[in-house]
Amino acid sequence: MAAREQLTEKILAAKRRLALKWSTIAAALGTGSVVMYTAALLGQFPLTAEEANKAVALLELDEDDALLLVESPSRGAGVVMPPTDPLIYRFYELVQNYGATWKTLIEEEFGDGIMSAIDFNMSIARQADPKGDRVKIEMSGKFLPFKRY
């Protein structure tokens, strides 16, 4: 895990040094979403070998780094709960305040089950507003009913 954390720091340093935006990096790596490529480069999602090689070239990484980029990650490793970063804490707060409501409304519409975070899409966009720009997050996950056996 330490090697992957060190690679994340190396990636962030290269992003700063090369003055790249995540959207630019994502476009250079392939057809996946900027959310997925950002998650991958932060250590939360694997890249394909082709994407990893493109990342190595773009970010001026070592060839050995490509091997770490394709490995299955330890998702959520190192995350402190509750989160201490104010922006991330707000998501925790959303779950605290609206989690039961989301669960109730999803179950009313779909039945007993969960929303997949594996078969999942997400987008983040800026939404102009005269009172101040807003963050727009859209999430879509496959519904997975609980099986009776």
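Where does glutamate 60 lie? Glutamate 60 sits in the loop between helix H4 (49–59) and H5. Helices and strands here are DSSP runs (H or I of at least four residues for helices, E of at least two for strands), numbered from the N terminus.

## Basis of the model

This is a predicted model, in which local features need pLDDT of at least 70 and side-chain atom pairs count only at pLDDT 80 or more, while totals for chains, interfaces and linings use all residues. Residues are numbered from 1 along each chain as its sequence is written, and side-chain values use heavy atoms, with hydrogens and water left out.

## Overall build

The protein chain holds 6 helices and 2 strands. Their order along the sequence is α-α-α-α-α-α-β-β. The C-alpha trace spans about 50 × 50 × 30 Å along its principal axes.

Of the 149 residues, 21% are buried. Buried means under 20% relative accessible area, exposed means over 50%, and partly exposed lies in between (1.4 Å probe, protein chains only). Take contacts between residues at least 6 apart in sequence: 48% of them join residues at least 24 apart. A contact means heavy atoms within 4.5 Å.

## The hairpin

Strand E1 covers residues 113–127 and strand E2 covers residues 134–145. They run antiparallel, joined by 11 bridges. Pairing requires at least two DSSP bridges between two strands. Methionine 115 stands opposite phenylalanine 143 in E2. The hairpin has 6 residues between its strands, and glycine 132 takes a positive phi near 130 degrees.

## Tyrosine 37

Tyrosine 37 belongs to helix H3 (residues 34–41). It counts as buried because its relative accessibility is 1%. Leaving aside residues up to four places away in sequence, tyrosine 37 touches Ala26, Leu29, Gly30, Thr31, Gly32, Leu47 and Glu51.

Two polar contacts involve its side chain. One reaches the backbone nitrogen of glycine 32 at 3.2 Å. The other joins the side chains of tyrosine 37 and glutamate 51 at 2.7 Å. A polar contact is a pair of N or O atoms within 3.5 Å; within protein, one must be able to donate a hydrogen and the other to accept it, and residues adjacent in sequence count only if both atoms are side-chain atoms.

## Threonine 8

Threonine 8 lies in helix H1 (residues 2–17). At 10% relative accessibility, threonine 8 is also classed as buried. Its side chain makes a polar contact of 2.9 Å with the side chain of arginine 4. Beyond residues up to four places away in sequence, threonine 8 touches Leu41, Leu42 and Gly43.

## Backbone exceptions

Most residues other than glycine have a negative phi, and most peptide bonds are trans. Alanine 19 has a positive phi near 55 degrees. This alanine 19 lies in the loop between H1 and helix H2 (22–29). Alanine 19 counts as exposed because its relative accessibility is 65%.

Glutamate 60 also has a positive phi, near 55 degrees. With a relative accessible area of 51%, glutamate 60 is exposed. The peptide bond from methionine 81 to proline 82 is cis, with omega near -10 degrees. Proline 82 lies in the loop between helix H5 (63–70) and helix H6 (86–110).
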